[in-house]
Amino acid sequence: MSANNSPVIAGKTSGIPIEATPQAQLVFKNLERQAPKNYWAHMIVNGINALCSGQMSVNNVFIKEQAYSKGAKGSEFYVVLPGCTASMKKLSTGRYKLLHMTADMNYFDGQKKALKPGTYTAIKDDQDWSTKFIPTGNISQKEDRVVAITDGIYNEPDDAASQCEGFIVNSPVSGGEYTIYKNGFDMHFTPGTGRIGGLSNLKQAFNSENSPGLHESAYLLAKTMQDAKDIDGVRWIAERGGSGVLTQAMRILADKGVTLEKHTVFLSNPHTQQHKIIELGSKLNLRTARNISINNTIHPSELVGGVFFGVGGYYTATKRLQFENNYTKLNFVGDIAKETVNLKGAGGTGIAIGAAMGISLGVTLPAVFAFVGAVGASMGVSSKLAETFIPRLFNKMKGKF
């Protein structure tokens with residue numbers, strides 16, 4: 001066996017050596033030297049150790065598409081971690097050998113400069129929001145903490161905090177304006193990559209849990225969520241395309257068998273399919289509010305993403321009835337009725353669907369239509385238009401009445 005192919009010890013997990021080629025060992029050792037003072041390097045070292053030792057499934061990392069090559073000596077593949085790509089091979093023992101590795105040693109500096117995804121705490125001073133980078137990636141160790149997961153349209157964390165304020169304040173699980181202004185909130189920030197999901201990225205809207213473009217941010221968010229699992233009352237609120245990052249992070253955690261029974265999740269105007277949050281939330285034992293999301297069906301990105309051309313609300317209600325023990329048939333019918341009214345207000349013709357589904361569950365037709373009428377009477381089309389196309393101004397003005 002040549003020197004280039006001979007196994008060498010790159011690191012240890014539970015006292016068991018992991019195998020790596022000399023090239024991979026050099027990169028890995030460099031990361032190990034940085035790990036004590038560099039959160040990102042520490043995370044990558046732990047991740048590679050866990051992968052090589054078989055303690056973490058490859059399902060928990062993104063496997064580069066079309067990167068498999070099968071030969072007589074087994075399958076080789078690439079895994080992609082934030083700022084790091086590794087070529088690996090599965091051994092007959094069930095463990096993995098590290099064949100080749102590249103790492104961006106400036107990744108942590110990029111996080112500090114808001115060029116890479118990271119965790120921030122946001123505080124409001126008079127009318128302005130200011131943010132501070134959290135090097136450890138952990139949220140504040142406080143009960144009932146609100147954490148925002150932002151869309152990918154912001155270049156600066158301060159701007160992200162300011163723009164997502166209304167989405168967070170108006171979420172029923174946030175505690176409202178007083179709580180947010182008094183305590184601030186933590187924030188998972190995905191810098192300036194463009195809108196996530198929605199009309200501009202249909203593939204991502206429909207399959208956010210496996211989207212390669214979200215993996216870097218989602219992996220970091222998953223680590224933040226796992227580290228916070230013992231903090232009571234954490235509320236993870238995704239605004240617009242942030243729902244895609246949250247969805248993929250939840251999939252990573254579900255594949256690892258992590259549970260978050262002390263936490264709650266909510267989607268504010270999601271641009272990716274919300275029913276997947278229900279399925280994944282059930283696996284994670286996450287709490288859900290009576291309403292899992294706020295949706296605006298006249299917004300194109302929400303219509304094609306969050307509510308899936310108008311039927312996503314129905315599908316979400318069906319999934320909740322299937323997966324959530326405290327979600328009753330009456331809850332189901334109420335949600336179907338509200339969804340039907342929303343569609344009607346957006347030009348849809350789905351009222352028969354809501355009625356038929358209600359009847360199939362044994363709820364009388366008059367009850368369904370009475371509820372539809374009551375919700376419809378409370379809808380204001382003008383305010384919906386304002387909320388859709390000038391959300392920041394709408395949220396500011398709403399607070400004055």
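**Charged pairs and the helices around them**

Reply: Let's start with Asp-151, which counts as buried because its relative accessibility is 0%, and the cut-off for buried is under 20%. Keep in mind that we are looking at a predicted model. Asp-151 forms a salt bridge with Arg-195, and their closest N and O atoms are 3.5 Å apart. Asp-151 sits in the loop between β10 (146-149) and α4, while Arg-195 sits in the loop between β11 (185-189) and α6 (202-206), so this pair ties together parts that lie 44 residues apart in sequence. Arg-195 is partly exposed, with a relative accessible area of 40%, whereas Asp-151 is buried.

Why can such pairs form? Side chains of opposite charge can pair when their charged atoms come close. Searching the whole structure turns up 11 salt bridges, and we'll visit two others.

The next pair is Lys-124 with Glu-165, whose closest N and O atoms are 3.3 Å apart. This pair also links distant parts of the chain: Lys-124 belongs to strand β8 and Glu-165 to helix α4, 41 residues apart. Both partners are buried, Lys-124 at 17% relative accessibility and Glu-165 at 13%.

In the loop between β8 (118-125) and β9 (128-133) you'll find Asp-126. Asp-126 is exposed, with a relative accessible area of 67%, and has a positive phi of about 60° although it is not a glycine.

Helix α4 (residues 157-169) and helix α5 (residues 176-183) have axes 9 Å apart and pack at an angle of about 140°. That angle makes α4 oblique to α5, as only angles over 145 degrees count as roughly antiparallel. On the α4 side, Glu-165, Ile-168 and Val-169 take part, and they meet Gly-176, Glu-177, Ile-180 and Tyr-181 of α5. Sorted by class, the contact of α4 with α5 has 4 nonpolar, 1 polar and 2 charged residues.

Asp-227 and Lys-223 both lie in helix α7, 4 residues apart, which is about one turn of the helix. Their salt bridge brings the closest N and O atoms to 2.7 Å. Both residues are partly exposed, Asp-227 at 35% relative accessibility and Lys-223 at 24%.

Helix α7 (residues 212-227) also has a helix partner: its axis comes within 8 Å of the axis of helix α8 (residues 242-256), and the two cross at roughly 60°. They are therefore oblique to each other, and the crossing is right-handed. Among the contact residues are Leu-214, Leu-221 and Met-225 of α7, along with Val-245, Leu-246 and Leu-253 of α8. In total, this contact has 12 nonpolar, 5 polar and 1 charged residues.

One more stop lies on the way into α8. Arg-240 is in the loop between β12 (235-239) and α8, and has a positive phi of about 50° although it is not a glycine. Arg-240 is buried at 10% relative accessible area, while Asp-126, which also has a positive phi, is exposed.

Note on methods
Residues numbered from 1 in each chain as written. Predicted model: local features only at pLDDT ≥ 70, side-chain atom pairs only at ≥ 80, totals over all residues. Heavy atoms only, no water. Axes fitted to C-alpha atoms, helices over the stretch in contact; angles between N-to-C directions. Parallel < 35°, antiparallel > 145°, perpendicular 65-115°, else oblique. Left-handed = near helix turned anticlockwise from the far one by under 90°. Contact = heavy atoms within 4.5 Å. Nonpolar A, V, L, I, M, F, W, Y, C, P; charged D, E, K, R; others polar. Buried < 20%, exposed > 50% of the residue type's maximum accessible area, 1.4 Å probe, protein only. Salt bridge = Lys/Arg side-chain N within 4 Å of Asp/Glu carboxyl O.
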